Amino acid sequence: MIQIKNLKKVFETKKQKVQAVDDVSLEIEQGEIFGVIGYSGAGKSTFIRLINRLEEPTSGSIEIHDKDITKMSASELRLKRQKIGMIFQHFNLLWSRTVFDNIAFPLEIAGAPKAKIKEKVKELIHLVGLSGKESNYPSQLSGGQKQRVGIARALANDPEVLLCDEATSALDPETTDDILDLLVSINKKLGLTIILITHEMHVIQKICHRVAVMENGKVVETGEVLDVFVRPQSKTTKRFVQQLNPLEHEQDKLKEFINQHDDSEVIKLHFIGNNAKRALISEIAKNFEVEVNILQGSIAPTQEGSYGTLYIQLNGNSNVLTDTIHYIQKAGVEVEVLKHA
Amino acid sequence: MIQIKNLKKVFETKKQKVQAVDDVSLEIEQGEIFGVIGYSGAGKSTFIRLINRLEEPTSGSIEIHDKDITKMSASELRLKRQKIGMIFQHFNLLWSRTVFDNIAFPLEIAGAPKAKIKEKVKELIHLVGLSGKESNYPSQLSGGQKQRVGIARALANDPEVLLCDEATSALDPETTDDILDLLVSINKKLGLTIILITHEMHVIQKICHRVAVMENGKVVETGEVLDVFVRPQSKTTKRFVQQLNPLEHEQDKLKEFINQHDDSEVIKLHFIGNNAKRALISEIAKNFEVEVNILQGSIAPTQEGSYGTLYIQLNGNSNVLTDTIHYIQKAGVEVEVLKHA
Amino acid sequence: ACGTTDNEEEAENSNTENETEETAEENNEEEASTEKETIVVGASSVPHAEILEEAVPLLEEEGIELQIETYQDYVFPNDDLENGTLDANYFQHIPYLETQMEEKGFDFVNLGGIHFEPMGIYSKNIENLEDVQEGTVVIMSNSVSDHGRVLALLESEGLIKLDENVDIVDATVNDVVENPLNLEFDTDIDAGFLPEFYEREADSLVAINTNYAIEAGLTPSEDSLVIEGSDTPYVNVIAARSEDENNEALQKLVEVLRSEEIQNFINEKYEGAVVPVSE
Amino acid sequence: MLKEWFPNVIPEDLWIATQETLYMTSIAVIGTLILGIILGLLLFLTDRGNLWENRVIYGITAIVVNVFRAIPFIILILLLFPFTDFLLGTIRGWKAALPALIIGAAPFYARLVEIGLKEVDKGVIEAAKSMGARTHTIIMKVLLPESMPALISGITVTAIALIGYTAMAGVIGAGGLGNLAYLQGFQRRDFDVVLACTILIIIIVFILQVIGDLLTKAIDKR
Amino acid sequence: MLKEWFPNVIPEDLWIATQETLYMTSIAVIGTLILGIILGLLLFLTDRGNLWENRVIYGITAIVVNVFRAIPFIILILLLFPFTDFLLGTIRGWKAALPALIIGAAPFYARLVEIGLKEVDKGVIEAAKSMGARTHTIIMKVLLPESMPALISGITVTAIALIGYTAMAGVIGAGGLGNLAYLQGFQRRDFDVVLACTILIIIIVFILQVIGDLLTKAIDKR
Ligand SMILES: Nc1ncnc2c1ncn2[C@@H]1O[C@H](COP(=O)(O)OP(=O)(O)OP(=O)(O)O)[C@@H](O)[C@H]1O
Ligand SMILES: Nc1ncnc2c1ncn2[C@@H]1O[C@H](COP(=O)(O)OP(=O)(O)OP(=O)(O)O)[C@@H](O)[C@H]1O
Ligand SMILES: [Mg+2]
Ligand SMILES: [Mg+2]
């Protein structure tokens, strides 16, 4: 549905040239929820702004429904944009309008009748949890409330494509979940295509089908969410994936444990898909003369089976330990030995 | 060091009165990193803005170093504020100044000599990872870069107290970590007191000593971080703590697993402190005639011992199962039975 | 420089020095005519300043340097004469001078009349004063000193009657006691605009100073419905402070302005709109 | 008391002059508002980097605006006579002053409008663009409402400047307080008339300013 | 060619008048800038909800500003005679026009300054406050720099309006192009002089506008 070819954007300031988006080619399917992650300054916002041509590309093409948006006339572009909702990183609400009127704005633009506007806006205000704040002005809202007005506004006109620039970064987990559920349900019901920038991996994990990882303006990795999670290729991706086990990357603390037990072996188990269901730990304990101690880790079911990482400590005879590790590997779980006995 | 007593703030709009901060009393120690969490609109930003009197309290008192800030004269307040750094939710950078000059601003205000300003600002720019962007204007920065300028600016004048309003919410995990490490190191080296609003629990978990939970303007819970994590009292806190195991709360998915095995018992283990180190799972497997299957969960070391939750499935004779559970409880691990065999 | 609009180069030069000289000028005159003497004369732009400009070279020959200050209004030239900025002024007619002296207590003398500008009443559509319709508008300049003049003309034609107790010179539209045709008076048009009003307000009576009438392409003798004759008291004069009554340079100025050369110039240039007098 | 303090003031004249000033100012303000906003929008929209970026139209608008601001008012009145005559069938009275007043003040207000529009947050304009708004919609629903406090303060300033202009419009018999002060007060040296007129003008100015300030405050929700 | 097209124009006069206009305008602009910014800041700072909130000072400033904007220019000149005389020792010439020009234009610019200051993001002022900045620092380092584009556009507008005022200053012999156009051109019906003066005024206005626009653009980093 959205085909992006060799997209480039260069910003020139007096002192330097910044290649904010550098030769990006991507395809995004109808009805897909597509995540974009990357470090601060990687070019994510610029990329998403190129898609509805708020930023003119330096070169490259963007086809939506087989029409190149970079070549559209002003009026074609306008009509197209009415079907592309956008949630801005900095909200961009009109201070002169109340919450209600801000959300009504895209409907007014599309020329919806008054009654329909009223109904739709009320529904949206309820959905994003702003009931009672209808007639507040943006200056009377908290950060997260402003963000939610921005979200409701982007959804008002039943868009075909939704571009979200850190739509949930100002929201607490409960509200984030509600909003994500809302997005998923619209995605399922109406086939809404969503492109979503975030730095919260659990957002990606929760709702995205595919994900692209950006670094210095380039897309360094794309793929199914689980693939990318399980086998992150680039350093950036690995770093992001660690976030899913928020405690895992605190290697310093882990080291304390490792050093305390000099007679043990520490291994990292990587569960991919159905293997996690098997009673692996208890099997080991029963079959081998080892003591198994879970140090740290996280494991969870995903749509394609359980997925997770466990750091475990094995105490026992070194021959037995080798056998144990072989056993685990045969069971289809990836093993990495961090410290030998 | 900071004593807050019966602090209240009421906003009046035409249609309603909002009790944004409602009778809050707190004490924050010198050198403490104090977290504040709560849903969007709970009153967190208002609370933190009351502390340096950007917002005039409706009633109540705030003593910093035993001086009531609400009663200070304008010039006393000004001097005090020079020692209170603030990071704003919406950055509030001066568009007319470059990155360098924005960070230099508080130093200029405090009347630091040119050479010192230059040195200090260069150091900060390096610390927040903005080297090469010194002479960019805010409009030429990405969201996260702006946020980092705001952070550097708040740290420039070596404050005694740092107020952070969602300082890392626009940042990717790597940058967040760098910034948090920076804050912790300043906190340790110089005894900086930090009050930190966030909705990212891993930020709380990583750097805070104590945490307060706000709901509808009230503080519904305060305490040591681990205490609050382990025994969350209010619903809000529970919801936030779930975030630490980002996959845990997806109970829907867990249910699928539970229903598949009708002959098994599913229990939830809660590890608090040192118990998590014990090889509990392998002990059970060895001592009892049960199969142990880890369904889901997360476990990690914290400063006061391991902390985490595991959902496990026990297959076996029901008598044996009862014994097993007793055994676990005796080992000091909390057990909750979710599904009986 | 002080708003001078002189034509002559000599005057030009002094223009820039003016600010510094201003205070010294008074002393200069007192010391009289050993060297080249400078006199400063304030004037209205048309025709006064133009006539003075013509006199500059003639006075030069007499060893007098004439500096012309042009004024937009009729208040400041007398003020400036009083406070010494000017040595003489040339913009007002006798009745106005007299009123001013009386009201403000100026101690001025009339050094002699130079010309008069006959006031005429014109109209584009009205052919004859007998044809004036009920409610016709009479337009005159916003110079208060013109009003009595125009009203007097109208009275002489029998169109209105003025209060007998009021001096004609001071008369305003409020002194009209009989107005059988219900003439409407419009008394605050800048004199410079009167030709435009003649052109565009075709059904009105417009009182125009002859100089403006000529500028607008009218021939006063033919086009006017009524025009002032030479018996008019409205002769424009050179006025000076009383103490300067016998100042030689100023006497010379009057003499030159009444000379045949200047009179010819006036007659040629203004073709009757400005009539020289040598009484 | 009036007689004592203001012996030369004729109350009827003062009243008529006040009315003339009020009429002239209010109609001229409306005209200036409309023309000024149109010109200001044109300047803003056709400027570099904006919605209708167009060097030619920008250049022409800038020239028109600057030329009419540059011409001394009295010359402007003269130049506009044919136009005024054509429009109103007369060049006399306060109505005839309107074209010159409006054409003299509108370019000026246009610049104030331009300044106000430049202060509108670019992000908000982008948001409207991203929703596929027509330029017309952006103007009516974003640019104007978001710059409203500046537009209102601007027209207040312009209206007060217009009162000053009406005094100059006296040269074509437009009347008004400024003219009364000049003719009856200044020329005849009856300074009580000057004072009375000035006081009335000040009162009008204050009323305008208070209305402007109240409106601005009511509207500014930032 | 000059002779052919402009038979009545005396180049020297034109040159002198141009100089007078330039002198008057430039000095008056400097005075207006200083006085206007001071008054504008006072208005802004003492207004409700601002740094120096003070009803009395706000009231007084507002009255001063409004009164001087309200008085017709010619009356203002008259009223200022004693002051001008005291200050300069003369009440004639272009220098004597300066007090009236500045006092006439500064209140006007003050309002534009106030409008500009109101557009400064409140969050940024808060940030400065939270750093413990003195009001003086907030003014110099936040309010003025952050409103600079509006301040510059504002002084451009005011400067051009001042050129219009200089024409009126002709009544006290201040000279300048406007006065030349009126006296030698309009009154003598030599319209070539009017045209020449107008063209020169337009050129000056354009130069001012271009300088203002360039400065604004260079400074605006939003
Ligand atoms: N100026 C104001 N006028 C009226 N209501 C206000 C104003 N400022 C804040 N509020 C209200 O006060 C409540 C608390 O706002 P606050 O900004 O403190 O929330 P918060 O906890 O920081 O939320 P978030 O996480 O979304 O930033 C909100 O309901 C908000 O709508
Ligand atoms: N107008 C501009 N002029 C110059 N450089 C710019 C401009 N806009 C963005 N950049 C630069 O382009 C790069 C990419 O910016 P972008 O906003 O796309 O980053 P991002 O991935 O969205 O980051 P974040 O997560 O911090 O929002 C940054 O280095 C930024 O400094
Ligand atoms: Mg971004
Ligand atoms: Mg907040």
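In the predicted model, Gly38(B) lies in strand β3 of chain B, which comprises residues 33–38; strands (E, at least two residues) and helices (H or I, at least four residues) are DSSP runs, numbered from the N terminus. Gly38(B) is buried, its relative accessible area being 0%, where buried denotes under 20% relative accessible area, exposed over 50%, and partly exposed in between, with a 1.4 Å probe and protein chains only. Apart from its neighbours within four places in sequence, Gly38(B) is in contact with Asp172(A), Lys44(B), Met214(B) and Phe240(B), contact meaning heavy atoms within 4.5 Å. Gly38(B) and Arg239(B), 201 residues apart in sequence, are 10.0 Å apart in space, C-alpha to C-alpha.

In helix α12 of chain B (residues 318–330), the buried residues are Val320(B), Leu321(B), Thr324(B), Ile325(B) and Ile328(B). They cover an arc of only 140 degrees around the axis, and therefore lie on the same side of α12(B), the arc being that of the directions from the helix axis to the C-beta atoms. The face turned away from this buried side carries the exposed residues Asn319(B) and Lys330(B). At the N-terminal end, α12(B) is capped by Asn317(B), a side-chain oxygen of which lies 2.8 Å from the backbone nitrogen of Asn319(B), while just after the helix Gly332(B) takes a positive phi of about 90 degrees.

Residues are numbered from 1 along each chain as its sequence is written, and chains are lettered from A in the order in which they are written. Local features need pLDDT of at least 70, side-chain atom pairs count only at pLDDT 80 or more, and totals for chains, interfaces and linings use all residues, while side-chain values use heavy atoms, with hydrogens and water left out.

Terms used: The expected span of a helix is 1.5 Å times one less than its number of residues. A polar contact is a pair of N or O atoms within 3.5 Å; within protein, one must be able to donate a hydrogen and the other to accept it, and residues adjacent in sequence count only if both atoms are side-chain atoms.
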